[in-house]
Each structure stands twice: as C-alpha cells, then as structure tokens.
Amino acid sequence: MTDLTTFEFDEFLPHPPATVWRVLSEPDLLADWLMPHDGFAPFVGTRFAFTTEPVPQTGFSGLVDCEVLEVEPGRRLRMSWASAGTALKTVVTWELVPEGDGTRLLLTQSGFDLDDPAQARAFQIMNGGWRSHVFRRMTAALDAL
C-alpha cells in the first residue's frame, strides 16, 4: 500500500477573515490571484476547471479539474484538485482562523503518491508554488481590497 503525502502551509494574513474569504470564494477575485476558471462557485458539488500554461516537460496540460467538496462560509473551503490527463488527484483545503486583527490561513493539499515519479515532481513544484508565487498573488489581491 502506498502512503499518500500531504503538505501544509500556515500563514498569518493581516486581513480579517471576511476579507480573506472574499478572495477565496468570489469567482472573479479567485480567478485574479489563483488561475482563470470556467465556473467556480462556492457551493458543494460545483464542478469547474482552472486553466493555466501547460508544462509539457512535466506532463501538465494546464488544466486542473475540480469539484467543491465542502464550504463553511468564512471558515473552510475544500475542493478536489486533479491534473487533467494524469493520475494526480488531490484535495486542497483552505481553513481560516481568526487571530487578533487578522487571519491564520491554513492550506493543505493531500493525496500525493510519492512512489509515482510524476506525482513526486508535482508535489515539489506545487509545494514550492503555493508557498511563494501563489501566496504572493493572494496577498496582493487582499491588499487591493
């Protein structure tokens, strides 16, 4: 049996949870900082896809098929996250915890099979990408509100 791997990201944001929730749950705001999509809505069962630049050398088509799995307004958003055309099927969860005048953002992405070389590479790329590029874009979106 393969052990599936999760990475976790924990960051304090100097914005109230309601503002952080907006950038996670409002379709236009989410598209601005994360990726364009074809129909995200913060309702359980919503199926949509993010689109971005393909990375042929890694087998990434640029399409991420998703389904909203859980919504607790202002607190938690969980969705499936599958790289189209590959075996990569993970779950991304954002949790918002009030902390002082801001928000503690907890991000997890679970379900990587590190025995699969392509998924191990995706784990490295995504883990680094969430921590640097994506978080910076989210912070800029929050600062602009």
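Trainee: Which residues is T5 in contact with, leaving aside its neighbours within four places in sequence?
Mentor: T5 is in contact with Q109, S110, G111, F112, L114 and F123. Bear in mind that this is a predicted model.
Trainee: How many residues apart in sequence are T5 and S110?
Mentor: They are 105 residues apart in sequence, yet 6.0 Å apart in space, going C-alpha to C-alpha.
Trainee: And which strand does T5 lie in?
Mentor: Strand β1, which covers residues 4-13.

Trainee: Let's zoom out. How many helices and strands are there in the protein chain?
Mentor: Three helices and six strands. Along the sequence the pattern is β-α-α-β-β-β-β-β-α.
Trainee: How compact is the protein chain?
Mentor: As compact as a globular protein of that length, because its radius of gyration is 15 Å, close to the 15 Å that the globule rule gives for 145 residues. The C-alpha trace spans about 40 × 30 × 25 Å along its principal axes.
Trainee: What about contacts between residues 24 or more positions apart?
Mentor: Those account for 46% of the contacts with a separation of 6 or more.

Trainee: OK, on to the inside. What share of the residues is buried?
Mentor: 43% of the 145 residues.
Trainee: And which residues touch the most other members of the largest nonpolar core?
Mentor: W33, L34, F50, M79, W81, W94 and W130, out of the 37 residues in that core. Helix α3, residues 117-144, gives the most to this core, with nine residues.
Trainee: Pick W33, then. What is W33 in contact with, leaving aside its neighbours within four places in sequence?
Mentor: V23, L24, W94, V134, R137, M138 and A141. W94 is itself one of the core residues that touch the most other members, and V23 and L24 are among the buried residues of α1.
Trainee: Is helix α1 mostly covered or mostly open?
Mentor: Mostly covered: seven of the nine residues in α1 (residues 17-25) are buried. Besides V23 and L24, the buried set includes P17, T19, V20, W21 and S25.

Trainee: What does A122 touch, not counting residues up to four places away in sequence?
Mentor: L88, F112 and N127. F112 is also in contact with T5.

Trainee: One more residue: where is L63 found?
Mentor: In strand β3, residues 63-72. L63 is partly exposed, with a relative accessible area of 30%.
Trainee: Which residues does L63 touch, not counting those up to four places away in sequence?
Mentor: A49, F50, T51, A82, S83 and A84. F50 is another of the core residues that touch the most other members. As for E95, L63 sits 24 Å from it, C-alpha to C-alpha, and they are 32 residues apart in sequence.

Trainee: Last topic, the charges. How many positive and negative side chains are there?
Mentor: 11 positive and 20 negative, and the centres of the two sets lie 1 Å apart.
Trainee: And what is the accessible surface?
Mentor: About 7600 Å², of which 54% belongs to carbon and sulfur atoms.

Notes. Residues are numbered from 1 along each chain as its sequence is written. This is a predicted model: local features need pLDDT of at least 70, side-chain atom pairs count only at pLDDT 80 or more; totals for chains, interfaces and linings use all residues. Side-chain values use heavy atoms; hydrogens and water are left out. Helices (H or I, at least four residues) and strands (E, at least two) are DSSP runs, numbered from the N terminus. The radius of gyration is taken over C-alpha atoms; the globule rule is 2.2 Å times the number of residues to the power 0.38. Buried means under 20% relative accessible area, exposed over 50%, partly exposed in between (1.4 Å probe, protein chains only). Contact means heavy atoms within 4.5 Å. Accessible areas come from the Shrake-Rupley method with a 1.4 Å probe; for residues, only the protein chains shown count as cover. Lys and Arg count as positive and Asp and Glu as negative; His and the chain ends are not counted. The place of a charge is taken as NZ of Lys, CZ of Arg, CG of Asp or CD of Glu. A nonpolar core is a set of buried Ala, Val, Leu, Ile, Met, Phe, Trp, Tyr and Cys residues joined through side-chain atoms within 4.5 Å.
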